[in-house]
Amino acid sequence: MKLLIMTLATSLFVFSSVFAAAPTKATTLNVIVTDKGFEPASLKVSPNQEVILSVTRKSDATCAKDIVFHEQKIKKDLPLNKAVAINLGKLAKGVVNFSCGMDMVSGVINVQ
Ligand SMILES: [Cu+2]
């Protein structure tokens with residue numbers, strides 16, 4: 001019983017501090033890079049929500065060794081087998097396109 005109360009108190013504390021730090025919870029979208037490109041190449045989120053894109057490149061047989069968000073002016077290298085978190089902030093309704101540095105492999109986030 002004592003342990004249960006301790007656990008509850010700890011989770012309550014963790015829960016409330018998470019809320020204090022981030023009133024709106026960020027949505028994390030997971031994308032992998034394979035020899036077919038970004039997977040999934042089409043993602044969907046709600047508007048006005050903080051979005052974090054977590055990209056893990058799992059193949060060397062791809063030219064998508066980096067990712068570019070032209071409109072957001074974001075460019076990140078994608079090391080092999082390492083998740084790269086990209087904070088896109090809050091997105092307005094519409095589409096957000098991303099691609100590799102050479103614009104050959106691409107994907108889209110539908111904000112609706
Ligand atoms: Cu490329």
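1. Let's start with the core. The largest nonpolar core holds 16 residues, and Val-55, Ala-64, Ile-67 and Val-96 have the most contacts inside it. (A nonpolar core here is a set of buried Ala, Val, Leu, Ile, Met, Phe, Trp, Tyr and Cys residues joined through C-beta atoms within 7 Å.) Two or more residues come from each of β1 (27-34), β4, β8 (94-99) and β9 (106-111). The largest share, three residues, is from β4. As background, nonpolar side chains tend to be buried together in soluble globular proteins.

2. A word on what you're looking at. This is a predicted model, in which local features need pLDDT of at least 70, side-chain atom pairs count only at pLDDT 80 or more, and totals for chains, interfaces and linings use all residues. Residues are numbered from 1 along each chain as its sequence is written.

3. Now the overall layout. The protein has one helix and nine strands, and along the sequence the pattern reads α-β-β-β-β-β-β-β-β-β. (Helices, H or I with at least four residues, and strands, E with at least two, are DSSP runs numbered from the N terminus.) Of the 112 residues, 17% are buried. (Buried means 20 or more other C-beta atoms within 10 Å of the residue's own, exposed means 12 or fewer, and partly exposed is in between, with C-beta atoms placed from the backbone.) Among contacts with a separation of 6 or more, 60% are between residues 24 or more positions apart. (Two residues are in contact if their C-beta atoms, placed from the backbone, lie within 7 Å.)

4. Back to Ala-64 for a moment. Leaving out residues up to four places away in sequence, Ala-64 touches Val-33, Gly-37, Phe-38, Arg-57, Leu-78, Cys-100 and Val-105.

5. Next, the open sheet. Four strands make it up in the order β2-β1-β4-β7, with mixed pairing. (Strands pair if DSSP finds at least two bridges between them.) At the edges are β2 (37-39) and β7 (83-90), each with a single partner strand, so one side of each has no neighbour in the sheet. Neighbouring strands are turned by 25 degrees against each other on average, direction ignored. (The axes are lines fitted to C-alpha atoms, for helices over the stretch in contact, and angles run from 0 to 180 degrees between N-to-C directions.) Seven bridges link β4 (residues 50-57) with β7 in the antiparallel sense, and Glu-50 sits opposite Lys-90 in β7.

6. There's a hairpin to look at too. Strands β5 (residues 66-69) and β6 (residues 74-77) run antiparallel and are joined by four bridges. Val-68 has Lys-75 in β6 as its bridge partner. Four residues lie between the two strands, and Lys-73 in the turn has a positive phi of about 55 degrees.

7. Leu-43 belongs to strand β3 (residues 42-45). Why is Leu-43 called partly exposed? Because 19 other C-beta atoms lie within 10 Å. Leaving aside neighbours within four places in sequence, Leu-43 is in contact with Leu-29, Ile-109 and Asn-110.

8. Finally, some backbone details in the loops. Pro-40 lies between β2 and β3, and the peptide bond from Glu-39 to Pro-40 is cis, with omega near -5 degrees. Asn-48, in the loop between β3 and β4, has a positive phi of about 55 degrees although it is not a glycine. Asp-103, in the loop between β8 and β9, has a positive phi near 65 degrees. Asn-48 is exposed, with 11 other C-beta atoms within 10 Å, and Asp-103 is exposed with 10.
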